[in-house]
Amino acid sequence: MPDDGLSEGCVTRAELAELAELFDRFEFALDPLSRDAEEAEARFNSRVQFIFEEHIRPRRPQLSFVIFRARVRNLCRVFLKKNPP
Amino acid sequence: MKPSLNYEELIEAGQPRLSALQRVGSSFLDGSSSAASAAFSREVCFVEASVRQTYEHIARLARRADSLDEVANMWRRMGAFCESALQILAGLKDKYPDCGAAELYDLVLDYKLACDDRQNRALEEKECLTTDFPKGVLPELS
């Protein structure tokens, strides 16, 4: 297992690390109105939507996007606590 | 070493700035006088700094929070702080039209909405953690 303590799923470790970096930039932005925070949130949402449509929905058609997105956000929180920026 | 302030204490520390804004804003009959404008503009600047700084502190603490309940409570309290500022500004921004109060109202409203977003996200995550979720979709943390 890699040093970051993750095992592979439908969402890869690399994708999670990328999403966590984006999540950090908007969820914990010191200025929530900054352009960087807004861009990071838009990219995060776009990436989560893309991953869901491309990789998750075909295999798990019963899984809702809202629940998937919330789970991804929560995993990003946990990832960031284990791997502080 | 003394323990650092918790989020409740940080938010409480900003309350005197809001009280001062209310007090100064109510102390002049004519908000367009130069003395009134100068005094009120000064308080507007202090409140803006207080909102921005308190938000920064809460954002730092939220990253280290131990639970989603704690995250949601932090943002709920910060949102309430913003709401208190909005109520004061709503009653005074027309009385002091050239003191930055209207601009500060818009800024604080955006901060309040940012707090609401973060509180709602934490609550949504908490709720979703109680529902069944298939294994293998997301990487597992060891």
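# Reading helices, contacts and cores

Biologist: How many residues does H1(B) have, and what does it reach from its first C-alpha to its last?

Modeller: H1(B) has 21 residues and reaches 31 Å between those end atoms, close to the expected 30 Å at 1.5 Å a residue. The expected span is 1.5 Å times one less than the number of residues. Helices (H or I, at least four residues) and strands (E, at least two) are DSSP runs, numbered from the N terminus. This is a predicted model: local features need pLDDT of at least 70 and side-chain atom pairs pLDDT 80 or more, while totals for chains, interfaces and linings use all residues. Residues are numbered from 1 along each chain as its sequence is written, with chains lettered from A and ligands numbered from 1 in the order in which they are written.

Biologist: Which residues of H1(B) are buried?

Modeller: Count neighbours: 20 or more other C-beta atoms within 10 Å means buried, 12 or fewer exposed, and in between partly exposed, with C-beta atoms placed from the backbone. In H1(B), the buried ones are Tyr7(B), Leu10(B), Ile11(B), Gly14(B), Leu18(B), Leu21(B) and Gly25(B). They pack against H2 (34–63) and H3 of chain B.

Biologist: At what angle do H1(B) and H3(B) pack?

Modeller: H1 (residues 7–27) and H3 (residues 68–92) of chain B pack at about 0°, and their axes are 10 Å apart. H1(B) is therefore roughly parallel to H3(B). The scale: under 35 degrees is roughly parallel, over 145 roughly antiparallel, 65 to 115 roughly perpendicular, the rest oblique.

Biologist: Which residues of H1(B) and H3(B) meet?

Modeller: Contact means C-beta atoms, placed from the backbone, within 7 Å. From H1(B) come residues including Tyr7(B), Ile11(B), Leu18(B) and Gly25(B). H3(B) answers with residues including Met74(B), Phe81(B), Ala85(B) and Leu92(B). The contact holds ten nonpolar, four polar and two charged residues. Here Ala, Val, Leu, Ile, Met, Phe, Trp, Tyr, Cys and Pro are nonpolar, Asp, Glu, Lys and Arg charged, and the others, Gly among them, polar.

Biologist: Which residues touch the most other members of the largest nonpolar core?

Modeller: In general, nonpolar side chains of soluble globular proteins tend to be buried together. A nonpolar core is a set of buried Ala, Val, Leu, Ile, Met, Phe, Trp, Tyr and Cys residues joined through C-beta atoms within 7 Å. The largest one has 34 residues, and Ile58(B), Met78(B), Cys82(B) and Ala85(B) touch the most other members. H1, H2, H3 and H4 of chain B each give it at least two residues. H3(B) has the largest share, with eleven. A second, separate core has 18 residues, including Phe26(A), Val48(A), Phe68(A) and Cys76(A).

Biologist: What is Cys82(B) in contact with, leaving aside neighbours within four places in sequence?

Modeller: Cys82(B) is in contact with Val51(B), Val108(B), Tyr111(B), Lys112(B) and Cys115(B).

Biologist: Is Glu43(B) buried or exposed?

Modeller: Glu43(B) counts as buried, because it has 23 C-beta neighbours inside 10 Å. It lies in H2 of chain B. Beyond four places in sequence, Glu43(B) touches Ala20(B), Leu21(B) and Val24(B). Contrast Arg64(B), in the loop between H2 and H3 of chain B. Arg64(B) has 11 such neighbours, so it counts as exposed.

Biologist: Now chain A. What pattern does it follow along the sequence?

Modeller: Chain A reads β-α-α-α, with three helices and one strand. Buried residues make up 32% of its 85 residues.

Biologist: Which element gives the most to the side of chain A that touches chain B?

Modeller: Start with the totals: 30 residues of chain A are in contact with 23 of chain B. Strand E1 (6–7), H1 (13–27) and H3 (65–82) of chain A each supply at least two residues to this side. H3(A) gives the most, with eleven. The side of chain A divides into 19 nonpolar, four polar and seven charged residues.

Biologist: What covers the buried residues of H3(A)?

Modeller: The cover includes H1 and H2 (35–56) of chain A, together with H4 (101–129) and strand E1 (140–141) of chain B. Among the buried residues of H3(A) are Phe68(A), Arg69(A), Val72(A), Leu75(A) and Phe79(A). The 18 residues of H3(A) should span 26 Å at 1.5 Å a residue, and its end C-alpha atoms agree at 26 Å apart.

Technical notes:
Axes are lines fitted to C-alpha atoms, for helices over the stretch in contact, and angles run from 0 to 180 degrees between N-to-C directions. Two residues are in contact if their C-beta atoms, placed from the backbone, lie within 7 Å.
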